[in-house]
Amino acid sequence: MDSRFTDAQPNRPRLRSEWLETLGATLAEPEMQTLARFLRDEKARGKVVYPPGSEIFNALQLTPPQTVRVIILGQDPYHGPDQAHGLSFSVRKGVAVPPSLRNIFKELQRDLGIERPLHGCLNHWAEQGVLLLNSVLTVESGLAGSHQNLGWERFTDRVVATVRDGGKPAVFMLWGAHARKKAAALEGLAHCVLTAPHPSPLSAHRGFLGCGHFSKANEFLERCGRGAIDWSLPD
């Protein structure tokens with residue numbers, strides 16, 4: 001298998017062994033090899049790509065497959081400086097909370113009464129088994145959607161399938177049209193599939209605000225004996 005996506009050199013993507021067991025064959029496919037070359041060539045031409053290479057698989061690093069209880073599926077990474085760090089909707093501490101994440105916090109407060117956090121870093125969720133996955137894992141600076149249809153969608157389909165077929169009930173939160181494309185592969189299975197418009201200010205008022213996904217997820221997980229998520233974010 002080509003090591004461009006998986007080696008441990010500085011600023012290169014890293015993928016933990018538990019995910020490699022199921023995703024290694026996908027990474028070795030020609031489409032993914034072409035994607036790896038594309039990313040390498042774009043950077044060689046001076047293009048700025050987010051997130052940094054070492055953080056492309058950050059969601060999979062923080063959340064091993066056997067621990068996944070919830071998947072929150074986004075579209076692609078934030079395309080502004082210092083925002084994307086490999087977790088859908090998340091930004092590091094000290095970075096201004098983007099509008100979509102502000103709406104997520106607004107719904108969280110309405111749904112569960114959790115006060116809005118002082119930061120936008122969602123590592124605490126990831127460490128509890130919330131897989132914060134984007135459909136596309138890279139983006140060119142300033143150009144939303146610029147790395148769509150280059151191969152990432154096939155890879156993230158395999159991530160979703162790994163959780164789907166893992167033998168444990170899970171919650172799939174599919175927000176927005178791109179995320180909802182994954183729903184067809186989940187029909188008729190013993191999982192909880194929750195769909196809503198994207199939390200972007202352009203669409204949140206069409207049904208994301210008021211969706212109650214956080215309480216619904218916890219109710220499902222508790223019924224299945226997998227335990228509720230602590231959706232608060234420590235300072």
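Select Pro51, which sits in the loop between strand S1 (49-50) and helix H3 (58-62). Helices (H or I, at least four residues) and strands (E, at least two) are DSSP runs, numbered from the N terminus. Residues are numbered from 1 along each chain as its sequence is written, and this is a predicted model. Local features need pLDDT of at least 70 and side-chain atom pairs count only at pLDDT 80 or more, while totals for chains, interfaces and linings use all residues; side-chain values use heavy atoms, with hydrogens and water left out.

Now show the backbone of Tyr50 as well. The peptide bond from Tyr50 to Pro51 is cis, with omega near -5°. Most residues other than glycine have a negative phi, and most peptide bonds are trans.

**The whole chain**

Zoom out and switch to a cartoon view. There are 8 helices and 6 strands in the protein, and from the N terminus on they run α-α-β-α-β-α-α-β-β-α-β-α-β-α. The C-alpha atoms fill a box of roughly 45 × 40 × 30 Å along the principal axes. The protein has a radius of gyration of 17 Å, which agrees with the value near 18 Å that a compact globule of 235 residues would have. That radius is taken over C-alpha atoms, and the globule rule is 2.2 Å times the number of residues to the power 0.38.

Of the 235 residues, 53% are buried. Buried means under 20% relative accessible area, exposed means over 50%, and partly exposed lies in between (1.4 Å probe, protein chains only). A contact means heavy atoms within 4.5 Å. Among contacts with a separation of 6 or more, 68% are between residues 24 or more positions apart.

**Two residues with positive phi**

Select Asp82, in the loop between S2 and H4. Asp82 has a positive phi of about 65°, although it is not a glycine. With a relative accessible area of 56%, Asp82 is exposed.

Next, select Asn149, in the loop between S4 and helix H6 (152-164). Here too phi is positive, at about 60°, and the residue is not a glycine. Asn149 is exposed, with 67% relative accessible area.

Go to Leu87. This residue is in the loop between strand S2 (70-74) and helix H4 (99-112), and it is buried at 3% relative accessible area. Which residues does Leu87 touch, not counting those up to four places away in sequence? They are Asn58, Ala59, Leu62, Leu122, Asn123 and Leu132. Draw a distance from the C-alpha of Leu87 to that of Ala184: the separation is 23 Å, and the two are 97 residues apart along the chain.

Move on to Gly120, in the loop between H4 and helix H5 (123-126). Gly120 has a relative accessible area of 0%, so it counts as buried. Leaving aside neighbours within four places in sequence, Gly120 is in contact with Ser90, Val91, Val97, Leu101 and Phe105. From Gly120 to Ser135 the distance is 20 Å, C-alpha to C-alpha, for 15 residues in sequence.

Then pick Glu140 in strand S4 (residues 139-140). Is Glu140 buried or exposed? Glu140 is buried, with a relative accessible area of 15%. Its contacts, with neighbours within four places in sequence left aside, are Glu42, Lys47, Val48, His79, Ser146 and His147.

**The aromatic rings**

A pair of aromatic rings is described by the distance of the centres and the angle of the planes. Rings of Phe, Tyr and Trp (its six-membered ring) pair if their centres lie within 6.5 Å; planes under 30 degrees apart count as stacked, over 60 as edge-to-face and the rest as tilted. The whole structure holds 9 aromatic pairs.

Show the side chains of Trp175 and Phe214. Their ring centres are 6.2 Å apart and the planes stand at 70°, so this pair is edge-to-face. The pair links distant parts of the chain, 39 residues apart: Trp175 is in strand S5 (residues 171-175) and Phe214 in helix H8 (residues 213-223). Trp175 is buried at 1% relative accessibility, and Phe214 is buried at 0%.

Trp231 lies in the segment after H8 and Phe214 in H8, so the pair ties together parts 17 residues apart in sequence. Trp231 is buried as well, with a relative accessible area of 1%.

To finish, select Phe89, Trp125, Trp175, Phe208, Phe214 and Trp231 together; they form one aromatic cluster.
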